[in-house]
Structures are given as C-alpha cells and as structure tokens.
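I opened my notebook to look up a few places in this model. My notes follow in the order I took them.

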Amino acid sequence: MKRPIAVLLLVFCLLPALSGCDTLLERDYRSVSRHISQTSDTEDTSALRAETYSDLVNSVQFFVSMGETEGVVHLYQYSGDVEQDVEDACQEVLEQDPLGAWALEDITWSSSRIVSYYECVFTFTYRHTATEIASVQSVVGSNAIRDALGGAISNYDSSLVLQVSSYYAQKELLLGLVQEAYYSLPGYAQGYPDVSISVYPQESTGTQRIVEISFTWSDSQETLQARAEAVASAAATLVGTDPAQGEVGYWLLYSRLADGLSYSADNGRASVYTALVTGRTNSEGAALAFQYLCDQAGLTCLTVQGTLDGSPHWWNLVEVDDVWRHVDVTAGDSQEDFLRSDSQVSDRYTWDTEQYPACLDPEPEEPADGEDVSDEEDAAPDANPEETGEEFPSA
C-alpha cells in the first residue's frame, strides 16, 4: 500500500508546477467572452440559484447570452416581492441590457412556490439565433473596433455585431472607423459599401452598447472574393519577385500600372479590381491600385482624397529619401516629373493639408567651399576670354 500512496503524493506535489505550463498557451485576443455570474442549484442542476434581485437579473442575462429558449431560476430566502421583481428583471434585460435589447423579441415567465423556494420559469423569444448571439464580439478601443471592421470588410460580410463602450457607440465615429478600415485594405476595395448602424439600447445609463453594422455590397460575397483573388494575382505580376526600392521602385510601379490603363472620371463605381484587372477605372480605383502595389512592394504610400480643378479626385503620396511627394497615376507624367511637391500641384489640386504630410520643395544646392557665387553671376555667359583674362581651353 505504501507505493501507491507515495505515487499519489508525488503527483499531488507536481500539480502546481505543471499548472505553470498554462502560461505558455496564453494569448491576447480582440474578442472577450461575456461573463455573467450565475450559480447552479445543487438540487436541480438544470436550474440557477438566486437570492437577490441582482442574482435574478444575472440569471436572465445568462440564459440570453447562451441563446436558451427556456430557463429556470430557484429563488431561495428571497425577501423581495417575487412577482414584481421577476417582471422588473425581464423588462430590464429587454430594455436596458445591450445583448437583450439586440437579441430578444420578448420574455414570458411564471412563478410558483415550492416548499422552501420559488421556482421561476422563463421563456425567451429571439430575433437572432444562438449562433448569431455567440458571434458578438466584445472589443475595447478604436484600434480593436477598426481591426474587427477590417475582418468583416475583407470577408465581405453583410453585418458585424460588436459590444463596445457607450463612447464608441456614436454613429458618426463608427462611420469614420468603417471608412478608415476600408481604405486601409486596398486589395479588398471593390467599391465602398452602403453602411447602416443600429445601436442597442438607444437610450440607457449603462456603460456598454451593442452596435450592429450592416454592409450592402455591389455584388455577392462569392463574386467579390473571387475578384480579390484576381487582384492579388495581377498585383503580384506587376510588382515582380524582386521589386526595386526608392524612386526607381515607385516609377516602375507607376509606369506598369499606367500602361494600358483607361482612366475616366465618369467610370462609375470603379475599384482596385477595375484598375488592375479590367483596365478601366476612375481616380479612386487608380489610387487604390497604386497603394496596393506599393504595399506589396514594401514601399511607403498614402492615398489622398481631394479635388482636381474643383472636382473630386484621388491620388497618392510617396516617401523618397525621407521626403514626401505627390503621385497621380492618372496624370500620365514622365519619369522626370512624376514626383511633385505641394507647390508644384497646388494650382490644380486641393486636399486637407492637416491630414497628410507636407511635400516640401527641394532645398537649393549650397555652393562648394571657396566658390564665389557673386562673381559667377556678374560674369557674362558669353564673355570673351581675352577680356576676362582667362585662357582659351586647349583643343
């Protein structure tokens, strides 16, 4: 008997050390599962146990978070008005709880006295499925919201449901984040979708909200995903396996993209697909395509939204040797002048100068040491060497 006991003692001693392995598997996640405190009744494991009004509300919230169509709560040692409190708890979850306001259509209930406790039976009617409820993402901060939006946009999803703080549940702010996410993914920019946003609950003193963001795309999800694959293939061909860097790299991408590109300001809902695959696009499609090529080549590039001769127009900014320059694929510039400063384009182009880096004019070259600039300026370009005392150059 001593050997089994010794083995058990050894295993018991090793358990704390082994538990340290869990830290190796820890990761940071954007989505956080919704946690609601609840306790099972030891006498009936299918029922939850509650002793206070707060416990009662938490129990109802738990059923909703699991997508349950029915739930049972046993109230022990409950000092409040059971009938009124159960009714209030249902209304609170329906109207004030973010998930309940979004997911539920209605809650019905009944209660009965059973010796030492009250049994409350809840029946839930949903407007969303259990799968949809489970897919709600809890995110914190604008970066996490933008990342979640990027995932939905790159997959061409029809909707995204997030649980956020009440501060980020402002429609204007969310629409701005949608735009940022879309234009940060030029390879998936197949035409900006129509976006609608609903907030649940609309009026509440709580700190959390559910926001449902709906996307209406120009084509089916399957079509758009196929086009994104065609865009990636076309971009890989234009970039090549060993892309050049610096000014040469930008020029190669510029000339390859512009070659055979049919540009028109009236090309409708053009996109990166129309620019890289069909060859017919507007300035937005051309700018997004150039942005995507630069991204794939590891070159720094921004997409600018502004005007050209008073009409909406898109182009790019690139960085060469720590200096920013304007690039417009639709302009048809030569290699000598395709990179331009602010002053060189400001007569026709306008943009939000606070939103984008400045493209400064090149600094004038300084004269070499000992060189007298004033003498050079004073000397006539066609002066006779005899008059100036200089010797004729030898043949």
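**Glu95 and its partners**

I began with the side chain of Glu95, which makes a polar contact with the side chain of Gln91 at 2.8 Å. A polar contact is a pair of N or O atoms within 3.5 Å; within protein, one must be able to donate a hydrogen and the other to accept it, and residues adjacent in sequence count only if both atoms are side-chain atoms. I then placed Glu95 in helix α3. Helices (H or I, at least four residues) and strands (E, at least two) are DSSP runs, numbered from the N terminus.

I noted two sources of caution. This is a predicted model, where local features need pLDDT of at least 70, side-chain atom pairs count only at pLDDT 80 or more, and totals for chains, interfaces and linings use all residues. Residues are numbered from 1 along each chain as its sequence is written, and side-chain values use heavy atoms, with hydrogens and water left out.

Buried means under 20% relative accessible area, exposed over 50%, and partly exposed in between (1.4 Å probe, protein chains only). Leaving aside neighbours within four places in sequence, Glu95 is in contact with Ala101 and Pro201. Contact means heavy atoms within 4.5 Å.

**The loop between β8 and β9**

I followed Pro201 next. Pro201 sits in the loop between β8 (194–200) and β9 (208–216). A cis peptide bond joins Tyr200 to Pro201, with omega about -20 degrees.

I found Ser204 in the loop between β8 and β9 as well. Ser204 counts as partly exposed, at 23% relative accessibility. Which residues does Ser204 contact, leaving aside its neighbours within four places in sequence? I listed Gln96 and Arg209. Then I checked C-alpha distances. Glu95 and Ser204 are 109 residues apart in sequence, but 8.5 Å apart in space. Ser204 and Ser166 are 38 residues apart along the chain, and their C-alpha atoms are separated by 9.1 Å.

**Two positive phi angles**

Gln77 is one of them, with phi about 50 degrees. Gln77 lies in the loop between β3 (70–76) and α3 (82–95). At 69% relative accessibility, Gln77 counts as exposed.

Tyr156 also is not a glycine, and its phi is positive, about 55 degrees. I located Tyr156 in the loop between α6 (142–154) and β7 (159–165). Tyr156 is buried, with a relative accessible area of 2%.

**Ser65**

I found Ser65 in helix α2 (residues 53–65). Its relative accessible area is 18%, so Ser65 is buried. The side chain of Ser65 reaches the backbone oxygen of Phe62 at 2.7 Å.

**Helix α11**

I turned to α11 (residues 283–297), which has 15 residues. From its first C-alpha to its last, α11 reaches 21 Å, close to the 21 Å expected at 1.5 Å a residue. The expected span is 1.5 Å times one less than the number of residues. How many residues of α11 are buried? I noted 13 of its 15.

At the start of α11, a side-chain oxygen of Asn282 comes within 3.2 Å of the backbone nitrogen of Glu284. After α11 comes Gly298, with a positive phi near 75 degrees.

**α8 against α11**

Helix α8 (residues 221–239) packs on α11 at an angle of about 65 degrees, with the axes 10 Å apart. Axes are lines fitted to C-alpha atoms, for helices over the stretch in contact, and angles run from 0 to 180 degrees between N-to-C directions. From α8, the contact uses Val231, Ala232, Ala235, Leu238 and Val239. From α11, it uses Tyr292, Leu293, Gln296 and Ala297.

**Helix α9**

I wrote down the buried residues of α9: Gly249, Tyr250, Trp251, Leu253, Tyr254 and Leu257. What covers them includes α8, α10 (272–278), α11, β13 (311–320) and β14 (323–327). Just after α9, Gly260 takes a positive phi of about 80 degrees.

**Whole protein**

I ended with totals. I counted 14 helices and 15 strands. Buried residues make up 39% of the 395 residues.
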